[in-house]
Amino acid sequence: MKKRKLGLLTRIIIAIALGGALGNFVPEWFVRIFATYNNVFGEFINFSVPLIIIAFIASGIAELGKGSQRLLGAATGIAYVSTLIAGFFAFFVASSLLPRVISQPTESFDAPGAGLATTFVDIGIEPMIGVMSALVFAFVIGIGIASLKSKVLQSGFNEFREIIQKLISKVIIPLLPFHIFGIFLNMTYAGEVARILSIFALVFVAIIVMHWIILVAQYSIAGMVSGRSPFALIKTMLPAYFTAVGTQSSAATIPVTLRQSIEAGASERVAGFTVPLFATIHLSGSMVTLVTCSVGVLLLNGMPVDFPIYAKFIFLLALTMVAAPGVPGGAVMAALGILASVLGFTDTMLALMMALYLAQDSFGTATNVTGDGALTLIVDKIGDKETSSEIDTAQNTGA
């Protein structure tokens, strides 16, 4: 009889609960051991972030360059705009609502007077390349591969992506619950964890409400374009939503999303092209979660929440999440570099951000894939006979 493995969400919940419980009575040396582990693991994540950006964005853009240019341009533009709208919507709601919930910021988690246990050693693992340099490099290489149609480089970057995906799924994700345990152990030791958890329980409720507002808006547009009831369309797509809640993976939900999109009225040829594409580039639910949680973490640390800075963050985040790895937490892993370079997140803030994001990752993923159905209907409606012939050509060439 096979042993049933605990899911990532279950392990994170256990890590948070244990950290919150043990931090009240364990000795300082025990907390310092995990503080040291957190420091080393955090540095390793920082080292990995540029590699994640290069591996997934370069190969993702190269693959997007195949097939129908008109269909690809329309679908990519719609997906990017949808993700941006979700980001700005989340910012305005979060920046208006959360200051009322987080009225008194806690001391910075990294401040000497915050009460956190210190590390025993600091190894000092440095990234090989900066985040913005990695992002620019990934776009240059990805566009170059697509333009040259270089099979050798495409194959090489695809294999590099597989290596990095193994790094995430086999190393970072399995070790992440211990990292989260250490963070919450230290925050409990410093007397802050109860307040943080009570605040973000309310934040999670706000995020799920925003997810559904976004879905209703997307399907209202799809309904107007297709002449169907938006609520009937949402009902048709619910199997995809609940499948994503269970799998936490857009990629694993593609077959269900494809089937339900066709049942909702999209043509099989359009859906067969756009659903796999949107599973990679359309992340409106993840955007809502990342923006809202990041606003909460900034307020918690008494840091400013400025619209010009967030506008830059949202535009870059929508690009950075392109081809985010198809594993639980892929979007937040891809976002770590932008959180640090644009919003000024420290290692401890990034760890808290990962914990908060992963605690509700399944709902963000479910919003992503359910919204893919709405966008597929829109693309299907604006397509013409010429586009349909392009789809046939793209599918025959393996796009």
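The largest nonpolar core of this predicted model has 88 residues, and those with the most contacts inside it are Leu290, Phe313, Leu336, Leu339 and Phe345. A nonpolar core here is a set of buried Ala, Val, Leu, Ile, Met, Phe, Trp, Tyr and Cys residues joined through side-chain atoms within 4.5 Å, where buried means under 20% relative accessible area, exposed over 50%, and partly exposed in between, with a 1.4 Å probe and protein chains only. Helix 2 (residues 28–64) gives the most to this core, with 14 residues. Apart from this core lies another, of 28 residues, among them Leu215, Ala222, Val270 and Ala374.

Because the model is predicted, local features need pLDDT of at least 70 and side-chain atom pairs count only at pLDDT 80 or more, while totals for chains, interfaces and linings use all residues. Residues are numbered from 1 along each chain as its sequence is written, and side-chain values use heavy atoms, with hydrogens and water left out.

Seen as a whole, the protein has 15 helices and zero strands, these being DSSP runs numbered from the N terminus, of at least four residues for helices (H or I) and at least two for strands (E). Of its 399 residues, 52% count as buried. Among the contacts in the protein with a separation of 6 or more, 86% are accounted for by residues 24 or more positions apart, contact meaning heavy atoms within 4.5 Å.

Helix 10 (residues 284–300) and helix 13 (residues 347–359) pack at an angle of about 135 degrees, with their axes 10 Å apart; the axes are lines fitted to C-alpha atoms, for helices over the stretch in contact, and the angles run from 0 to 180 degrees between N-to-C directions. That angle makes helix 10 oblique to helix 13, since angles under 35 degrees count as roughly parallel, over 145 as roughly antiparallel, 65 to 115 as roughly perpendicular and the rest as oblique. Helix 10 passes helix 13 in a right-handed crossing, a crossing being right-handed if the near helix is turned clockwise from the far one by less than a right angle, and left-handed if anticlockwise. On the side of helix 10, Ser286, Thr289, Leu290, Cys293, Ser294, Val297, Leu298 and Leu300 take part, and they meet Met349, Leu352, Met353, Leu356 and Tyr357 of helix 13. By class, this contact has ten nonpolar, three polar and no charged residues, with Ala, Val, Leu, Ile, Met, Phe, Trp, Tyr, Cys and Pro counted as nonpolar, Asp, Glu, Lys and Arg as charged, and the others, Gly among them, as polar.

Helix 10 also packs with helix 12 (residues 330–343), at an angle of about 40 degrees and with their axes 12 Å apart. The two helices are therefore oblique to each other, and their crossing is right-handed. Ser286, Leu290, Ser294 and Leu298 of helix 10 make this contact with Ala331, Val332, Ala335, Leu339 and Leu343 of helix 12, and the residues divide into seven nonpolar, two polar and no charged. Leu339, one of the core residues with the most contacts, touches Ser294, Phe313, Gly344, Phe345, Leu350 and Met353, not counting residues up to four places away in sequence.

With helix 14 (residues 361–382), helix 10 packs at an angle of about 145 degrees, the axes lying 6 Å apart. Here Ser284, Gly285, Ser286 and Thr289 of helix 10 make the contact with Gly364, Thr367 and Asn368 of helix 14, and the residues divide into no nonpolar, seven polar and no charged.

A few single residues complete the tour. Thr257 is found in helix 8 (residues 250–264) and is buried, with a relative accessible area of 1%; leaving aside its neighbours within four places in sequence, Thr257 is in contact with Met237, Ala240, Val275, Val369 and Asp372. Gly77, in helix 3 (residues 69–101), counts as partly exposed at 32% relative accessibility. Lys149 is found in the loop between helix 4 (131–148) and helix 5, where Lys149 is exposed, with a relative accessible area of 69%, and has a positive phi of about 55 degrees although it is not a glycine.
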